[in-house]
Amino acid sequence: MTTMTAEEKEAALARIAEEIKVCLRCELHKTRTKAVPGEGPADARIMFIGEAPGWNEDQQGRPFVGAAGKFLDELLASAGLHRGDVFITNIVKSRPPGNRDPLPDEIAACEPWLARQIEIIDPDVIVTLGRFSMAQWFPGERISKIHGQLKRVGRRLFVPMYHPAAALHQQALKTTILDDFSRLPKYLAEAEALKRSEEAADESPPHQMGMF
Ligand code: URA
């Protein structure tokens, strides 16, 4: 668990963003316009992780600013959340040419950036958007089976969701995604309660043996 102050977290995230902008770890740096580190408050309680920047994101250097981003804003609002309160990033920080799927070596090259962002933000809940993001923590799982469920991996809580862009192309998924997002406030409350009970357990005096 991180013990950084809010200012230290902001500064650490800003340093990572500067490093990502000049990252040469995979071939995507040759074709990108701007890398997209992600954005949001360093003390966000919820983090959204998409797949990779598209054309609009590549132009602007910001995540989810195209059609899928507009729908993500609507989904956030439907759950009583605002973009300014959450951290949004992607598995891969540079646009794959022609919006093709990210390759395994590109995902692997980018993974340390994401790991550092998660470590610093230390969110209560991570929402994965789409199957590439889901596969980082749930390899071999099917999104059709686990979408919208609160799941624990190690000490972190995840909610795998369909990708907002999928709903743009498959009208039937829209209801499902809206329904999944509607459960986020309840999950955040559960995550907060779990965190408090674990902190209380950590602080309780150790059981002393042979002291009577
Ligand atoms: N799709 C993603 O997965 N990420 C973005 O930033 C935009 C679209």
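**View 1. The side chain of K93 reaches the backbone oxygen of N90 at 2.8 Å.** Please keep in mind that this is a predicted model, in which local features need pLDDT of at least 70 and side-chain atom pairs count only at pLDDT 80 or more, while totals for chains, interfaces and linings use all residues. Residues are numbered from 1 along each chain as its sequence is written, and side-chain values use heavy atoms, with hydrogens and water left out. To find K93, look in the loop between strand 2 (87-90) and helix 4 (104-121); helices (H or I, at least four residues) and strands (E, at least two) are DSSP runs numbered from the N terminus.

**View 2. K93 is buried yet has no salt bridge.** Buried means under 20% relative accessible area, exposed over 50%, and partly exposed in between (1.4 Å probe, protein chains only). A salt bridge is a side-chain nitrogen of Lys or Arg within 4 Å of a carboxyl oxygen of Asp or Glu. For K93, the nearest side chain of opposite charge is E111, 9.8 Å away; here Lys and Arg count as positive and Asp and Glu as negative, with His and the chain ends not counted. Leaving out residues up to four places away in sequence, K93 touches I20, A35, V36, P37, P53, C110, W113, L114 and Q117, where contact means heavy atoms within 4.5 Å.

**View 3. The ligand has G50, E51, A52, E57, P63, F64, N90 and H163 around it.** Each of these residues has a heavy atom within 4 Å of the ligand. Taken alone the ligand exposes 230 Å², and the protein buries 91% of that (Shrake-Rupley method, 1.4 Å probe; for residues, only the protein chains shown count as cover).

**View 4. R116 and E19 form a salt bridge, with their closest N and O atoms 3.3 Å apart.** R116 lies in helix 4 and E19 in helix 1 (residues 6-21), so the pair ties together parts that are 97 residues apart in sequence. R116 is partly exposed, at 34% relative accessible area, and E19 is also partly exposed, at 34%. The structure holds 18 salt bridges.

**View 5. E39 and R62 form a salt bridge, their closest N and O atoms being 2.8 Å apart.** E39 sits in the loop between helix 1 and strand 1 (46-50), and R62 in the loop between helix 2 (55-60) and helix 3 (67-78), so the pair ties together parts 23 residues apart in sequence. Salt bridges link E39, R62, D73 and R83 in a network.

**View 6. The side chain of H147 makes a polar contact with the side chain of D180 at 2.6 Å.** H147 belongs to the loop between helix 6 (143-146) and strand 4 (151-153) and is buried, with a relative accessible area of 18%. Apart from neighbours within four places in sequence, H147 is in contact with P160, Y162, T176 and D180.

Notes:
A polar contact is a pair of N or O atoms within 3.5 Å; within protein, one must be able to donate a hydrogen and the other to accept it, and residues adjacent in sequence count only if both atoms are side-chain atoms.
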